[in-house]
Amino acid sequence: MKIKHLFAVMAGVLTFPLQAAVLSAQDGVSILYINGQKAEERIGDNQVEEGFVQAIVRFDDKLGSRVYTSKPYLLNFDAQGQNFKIVPPKVNSEMDAENEFSKVSPSWQVLVDGQEIEFEQSVLQGKGGFMPYAGMDNLVAEHNKQNGIYFKNGQLIDKPVAVEVAAATTVATVGTSEKVAPVTTQATKNVEQLKAWYLQASKQERKEFRRWMIDQE
């Protein structure tokens, strides 16, 4: 099937934009980054779109006479709804917090419209030294690059266009003299746009599109 035909179909399937949702956090949680960008409101409401969300959060709360601050955690989830909420582990003392955040997977929760959903979590690795999380922008970008997660203006994409072009124009020559014509930049951009639309589509839209694809075989 030609790219232009697929391009037209995707444009028709994804006529309606994703709905806006609100991401907030329970008391004791600071929202640091959302989809690779600094959060507009650390302890307030942040507008996001339904679908894939990466929230980088930190436990910040007074326990006894001191404020306990955890390492930053990346929480990745994919959801449809209107209200997304991050709930911290339940701790009552600094010792509780030390024990909880020493676990591989502390008991964070992600709620969508009041219902708990599954998510992935990991600790954001810092640098050595006195201020391990100085320059967090770079730490977040490096973590996502290593895990194959790419954002553009807060939206999940498959890969940056520059990466796609480099991969498309690299020709393996070991053991063969056959020349392979590189993919053109315009074709790569078309594919990139298709991928971006697909990743922004709802689960139902993706199912409908996959059915359509199968029918074309």
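**Entry 1: the open sheet**

I began with the sheet and found that it is open, has five strands in the order S4-S1-S8-S9-S10, and shows mixed pairing. I note here that the model is a predicted one. S4 and strand S10 (115-117) stand at the edges with a single partner strand each, so one side of each has no neighbour in the sheet. From one strand to the next, I read an average twist of 35°.

**Entry 2: pairing along the sheet**

I then followed the pairs in sheet order. Strand S1 (residues 20-25) pairs with S4 in the antiparallel sense, over four bridges. Within S4, Val-48 is the residue that stands opposite Ala-21. S1 and strand S8 (residues 83-87) run parallel and are joined by four bridges. For Ser-24 I looked up the bridge partner in S8, which is Lys-85.

S8 is joined in turn to strand S9 (residues 109-112) by four bridges, and these two strands run antiparallel. Phe-84 has Val-112 as its bridge partner in S9. Val-112 also has a partner in S10, namely Gln-115. I count three bridges between S9 and S10, again with an antiparallel run. S9 and S10 form a hairpin with two residues between them, and Asp-113 in the turn has a positive phi of about 50°.

I returned to S4 to separate its faces. In S4 (residues 46-49), Asn-46 and Val-48 make up the covered face, whereas Gln-47 and Glu-49 make up the uncovered one.

**Entry 3: the largest pocket**

I next examined the largest pocket, whose volume is about 370 Å³. Its lining has 20 residues, and those closest to the centre are Ile-34, Asn-35, Gln-47, Val-48 and Gly-154. Which strand gives the most to this lining? I found that S4 does, with four residues. Strand S3 (37-38), S4, strand S5 (51-63), strand S13 (155-157) and helix H5 (185-200) each supply at least two lining residues. By class, I recorded seven nonpolar, nine polar and four charged residues in the lining.

**Entry 4: two asparagines with positive phi**

I looked for the backbone values of two asparagines. Most residues other than glycine have a negative phi. Asn-35 has a positive phi near 50° and lies in the loop between strand S2 (29-34) and S3. Asn-153, likewise not a glycine, has a positive phi of about 55°, and its place is in the loop between strand S12 (150-152) and S13.

**Entry 5: aromatic pairs**

A pair of aromatic rings is described by the distance of the centres and the angle of the planes. The count of aromatic pairs comes to eight. For Phe-77 and Phe-84, the ring centres are 5.6 Å apart and the planes stand at 85°, so I classed the pair as edge-to-face. Phe-77 and Phe-84 are both buried. I also noted a cluster in which ring pairs link Phe-59, Tyr-68, Tyr-73, Phe-101 and Trp-108.

How values were computed
Residues are numbered from 1 along each chain as its sequence is written. This is a predicted model: local features need pLDDT of at least 70, side-chain atom pairs count only at pLDDT 80 or more; totals for chains, interfaces and linings use all residues. Side-chain values use heavy atoms; hydrogens and water are left out. Buried means under 20% relative accessible area, exposed over 50%, partly exposed in between (1.4 Å probe, protein chains only). Two strands pair if DSSP finds at least two bridges between them. On a 1 Å grid over the protein atoms alone, a cavity is a set of points where a 1.4 Å probe fits but cannot get out, and a pocket is an open set with protein on both sides within 12 Å along at least five of seven lines; lining residues have an atom within 4 Å of a point. Grid points are joined across faces, edges and corners, and a volume is the space filled by probe spheres set on the points. Ala, Val, Leu, Ile, Met, Phe, Trp, Tyr, Cys and Pro count as nonpolar, Asp, Glu, Lys and Arg as charged, and the others, Gly among them, as polar. Axes are lines fitted to C-alpha atoms, for helices over the stretch in contact, and angles run from 0 to 180 degrees between N-to-C directions. Rings of Phe, Tyr and Trp (its six-membered ring) pair if their centres lie within 6.5 Å; planes under 30 degrees apart count as stacked, over 60 as edge-to-face and the rest as tilted.
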